[in-house]
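Hello,

Here is the structure I said I would pass on. My notes on what was found in it follow below.

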Amino acid sequence: QVQFVESGGGLVQPGASLRLSCAASGIRFSIHTMGWYRQAPGNQRDLVAQITPGGTTSYANSVKGRFTIARDNAKNTVSLQMNSLKPEDTAVYYCKSVASIYWGQGTQVTVSS
């Protein structure tokens, strides 16, 4: 059974940092490109960062230079370090294999003063 379990969200002030984690199971994690997505109320779900099996990363322009995606193939986990958070980063964040049709429950990130 494919599962993606996200954690680490919360309520923070603008300029703060958060680190999201995702545990994957039911897939051969080391061969999958993994992605972090987000969905704000009324918006579509967008890819914000992805990392290939070899560690090549790419980011949406809106988060480039502030967010860092990383993976640990030994632990089947992927993380998203988010720095200099802005109110517009407020969303539910999801992780999954880019190729998977399955989604986790997501973790809420709220940036507000």
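Y93 stands opposite T107 in strand 10. Before going further: this is a predicted model, in which local features need pLDDT of at least 70, side-chain atom pairs count only at pLDDT 80 or more, and totals for chains, interfaces and linings use all residues. Residues are numbered from 1 along each chain as its sequence is written, and side-chain values use heavy atoms, with hydrogens and water left out.

Strand 9 and strand 10 pair in the antiparallel sense over three bridges. Two strands are said to pair if DSSP finds at least two bridges between them. The strands themselves are DSSP runs (E, at least two residues), numbered from the N terminus. Strand 10 also pairs with strand 2 (residues 10-12), this time in the parallel sense and over three bridges. In that pairing, V12 has V111 of strand 10 as its bridge partner. The covered face of strand 10 holds T107, V109 and V111, while Q108 and T110 are on the uncovered one.

**The aromatic cluster**

A search of the whole structure finds two aromatic pairs. For reference, rings of Phe, Tyr and Trp (its six-membered ring) pair if their centres lie within 6.5 Å; planes under 30 degrees apart count as stacked, over 60 as edge-to-face and the rest as tilted. Y37 is in strand 4 (residues 34-39) and W103 in the loop between strand 9 (91-97) and strand 10 (107-111), so this pair ties together parts that are 66 residues apart in sequence.

The other pair is Y94 with W103, with ring centres 5.8 Å apart and planes at 80°, so this pair too is edge-to-face. Y37, Y94 and W103 form one aromatic cluster.

How much of each residue is accessible? Y37 counts as buried at 10% relative accessibility, and Y94 counts as buried at 10%. W103, at 37%, counts as partly exposed. The cut-offs are under 20% relative accessible area for buried, over 50% for exposed, and partly exposed in between (1.4 Å probe, protein chains only).

The charged end of R45 is over the ring of Y94, 3.8 Å from its centre, and that of K96 is over the ring of W103, 5.0 Å from its centre. A charge sits over a ring if NZ of Lys or CZ of Arg is within 6 Å of the ring centre and within 35 degrees of the ring normal.

Leaving aside neighbours within four places in sequence, W103 is in contact with Y37, R45, Y94 and K96, where contact means heavy atoms within 4.5 Å. The C-alpha atoms of W103 and V5 are separated by 8.8 Å, and these residues are 98 apart along the chain.

**The nonpolar core**

Which residues touch the most other members of the largest nonpolar core? They are W36, V78, L80, M82 and Y93, out of 26 residues in that core. Such a core is a set of buried Ala, Val, Leu, Ile, Met, Phe, Trp, Tyr and Cys residues joined through side-chain atoms within 4.5 Å. Among the elements that give two or more residues to this core are strand 5 (46-51), strand 7 and strand 8 (77-82). Strand 3 gives the most, with four residues.

**R66**

R66 lies in the loop between strand 6 (57-59) and strand 7 (67-72). With a relative accessible area of 11%, R66 is buried. A polar contact of 2.7 Å joins its side chain to that of D89. The backbone oxygen of S62 is 2.9 Å from a polar atom of the R66 side chain. A polar contact is a pair of N or O atoms within 3.5 Å; within protein, one must be able to donate a hydrogen and the other to accept it, and residues adjacent in sequence count only if both atoms are side-chain atoms. Beyond four places in sequence, R66 touches Q81, M82, N83, S84, L85, K86 and D89.

**Positive phi**

S84, one of the residues touched by R66, has a positive phi of about 50° although it is not a glycine.

Regards
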